[in-house]
Amino acid sequence: MRLFQNSALYPSYVPRLNQLAANTQSFAERRDVFLHDRFGAAHFLEPVLDGSPEAFFTNGDDEVLQRRWAREQGMSGEPTLEAILLAQIEHHATEVFYNLDPVRYPSAFVAKLPGCVKTALCWRAAPSGNADFTAYRAVLGNFPSILDIWRGKGCRAELFFPAHDPVMDEYGHGERPIDVVFVGGYSRHHRARARTLEQVAQLAGSRNIVFCLDASRLTRLAESKLGRLLPLRNHRRPDAIAAIAKPPVFGRDLYELIGSSKIVLNGAIDMSGTDRGNMRCFEAMGCGGLLVSDAGGYPDGMQEGSTIETYDTPGQAVEVISRSLQDWPKSAEIAALGRACIRDMYRKDVQWKQFGDLVGRV
């Protein structure tokens, strides 16, 4: 199978990538730096991570990366990123196109794919307004309720999961000096998560609590000395959160941070309904942290009281965390079982086989 996997860069990650890849010159060098950092690796298929000659990977929105490829291949002028991506697919003689960025490249893009492409699939685990994915053979995701939304829009939708990144096995075998870590976005629009973070942040007086939060420029301004003189109260985070907030972390730095933490706090954003199992769950368990997350419907292997701990309310999150830390030997056993479970059930070779089966089925 000649596989082409397209992904996208998270805006806050771009400065890190530019720094890591500062000394690279070629398309392959910059792409390899990205893949080595493992950002998003749970979604990347085994042939991509193994460097198989039949697999091609790119971030189709990375203008630096894509224009390097265009120059190396002698494309004239200033082609659009879409034109470069189409040229890459044709040059690779792709048979299966797997797109992790379908909002940018929806059905109108699929209609332009070269004839070598036999199957086009996309991943989307969030509602996306009026985006049209009907030209894809199937929309993949791991939230059943969101898959139902896509079916309601005329798409075929199939259940598919992230996988354990084998590199996670390198992390989390020493001391875990951080009691609780949370890494992700903070927004008042994510009401349940925001309330939970505010409650847990109040433990910082007696526990080592680390919040690595992705803050908007407006939030950073609102919390500055100048910003406090401006009418920006709605953009400021609660004092308990702002006092301990650190910048976001990504890639191997995230693995290292989780591997240094006893508990990884997780909270679904409002759009996910009762479905659970976002990528942070796989990263937390894969690096051996105890996942403490909000109650809901989890994938197989994520079992409350056996491999993870859950809470129903922000107040209960504090209680679960406090209890888990007080009896850490027992909690550490749960975390170890969770790590083994994720490593065994969601292996990369299993994910790749399931992908191949899915291609044959659709």
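Visitor: At what angle do α12 and α14 pack?
Guide: Please note that this is a predicted model. Helix α12 (residues 279–286) packs against helix α14 (residues 328–345) at about 115 degrees, and their axes lie 8 Å apart. The crossing of α12 and α14 is left-handed.

Visitor: Which residues make that contact?
Guide: From α12, F282, M285 and G286 take part; from α14, G338, R339 and I342 do. By class, the contact of α12 with α14 has three nonpolar, two polar and one charged residues.

Visitor: Turning to α4 and α5, how far apart are their axes?
Guide: The axes are 10 Å apart, with α4 (residues 63–72) and α5 (residues 81–92) packing at about 55 degrees. Because of that angle, α4 counts as oblique to α5. The crossing of α4 and α5 is left-handed.

Visitor: And which residues are involved there?
Guide: Helix α4 contributes E63, Q66, R67, W69 and A70, while α5 contributes L81, I84, L85, A87, Q88 and H91. That contact comprises six nonpolar, three polar and two charged residues.

Visitor: Now the sheet: what is the strand order?
Guide: The order is β9-β8-β7-β10-β11-β12, six strands in an open sheet with parallel pairing. At the edges are β9 (245–246) and β12 (309–311), each pairing on one side only.

Visitor: Which helix packs on the sheet?
Guide: Helix α13 (residues 314–326) does, touching β7 (178–185), β10, β11 and β12. The direction of α13 makes about 150 degrees with that of β12.

Visitor: How many bridges join β10 and β11?
Guide: Three, in the parallel sense, between β10 (residues 261–265) and β11 (residues 290–294). V264 has L291 in β11 as its bridge partner.

Terms used. Residues numbered from 1 in each chain as written. Predicted model: local features only at pLDDT ≥ 70, side-chain atom pairs only at ≥ 80, totals over all residues. Heavy atoms only, no water. Pairing = 2+ DSSP bridges. Helix = DSSP H or I, 4+ residues; strand = E, 2+ residues; numbered from the N terminus. Contact = heavy atoms within 4.5 Å. Axes fitted to C-alpha atoms, helices over the stretch in contact; angles between N-to-C directions. Left-handed = near helix turned anticlockwise from the far one by under 90°. Nonpolar A, V, L, I, M, F, W, Y, C, P; charged D, E, K, R; others polar. Parallel < 35°, antiparallel > 145°, perpendicular 65-115°, else oblique.
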